[in-house]
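Take a moment with the model below. We will start from one residue and then step back to the whole chain.

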Amino acid sequence: MKYPNTVQNIISHTGLSYQWITKCIKTMPEIFDTYSIRGDNNSILLDNNALVIFDQVKQLKEQGYTIANIKLELMKNLYK
């Protein structure tokens, strides 16, 4: 599997902050561990599926969801 995206790519694409993205990755390992790896200098590399998920995260955050509620929504969608 290829991991062409960095956290900076996710920031550019979604407008989410670095802190929010890393918080999501740490808070939701059951979602993001499948779509991310650690690269050189402990950087976070993500595949294109992670980019799609972060688009959903952005939409839910804009609707006022907390990170806990975002996790619940993503988990529901993953199992559909």
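In which helix is the place of Thr22? Thr22 sits in helix H2, which covers residues 18-27. Helices here are DSSP runs of H or I with at least four residues, strands are runs of E with at least two, and both are numbered from the N terminus. This is a predicted model, where local features need pLDDT of at least 70, side-chain atom pairs count only at pLDDT 80 or more, and totals for chains, interfaces and linings use all residues. Residues are numbered from 1 along each chain as its sequence is written, and side-chain values use heavy atoms, leaving out hydrogens and water.

Is Thr22 buried or exposed? Thr22 counts as buried because its relative accessibility is 12%. Buried means under 20% relative accessible area, exposed over 50%, and partly exposed in between, with a 1.4 Å probe and protein chains only. The side chain of Thr22 also reaches the backbone oxygen of Gln19, at 3.1 Å.

Now step back. The protein chain has five helices and three strands. Read from the N terminus, their order is β-α-α-α-β-β-α-α. Of the 80 residues in the protein chain, 35% are buried.

What about overall size? The C-alpha trace of the protein chain spans about 35 × 25 × 20 Å along its principal axes. The radius of gyration is 12 Å, which agrees with the value near 12 Å for a compact globule of 80 residues. That radius is taken over C-alpha atoms, and the globule rule is 2.2 Å times the number of residues to the power 0.38.

How values were computed
Polar contact = N/O pair within 3.5 Å; in protein donor to acceptor, adjacent residues only side chain to side chain.
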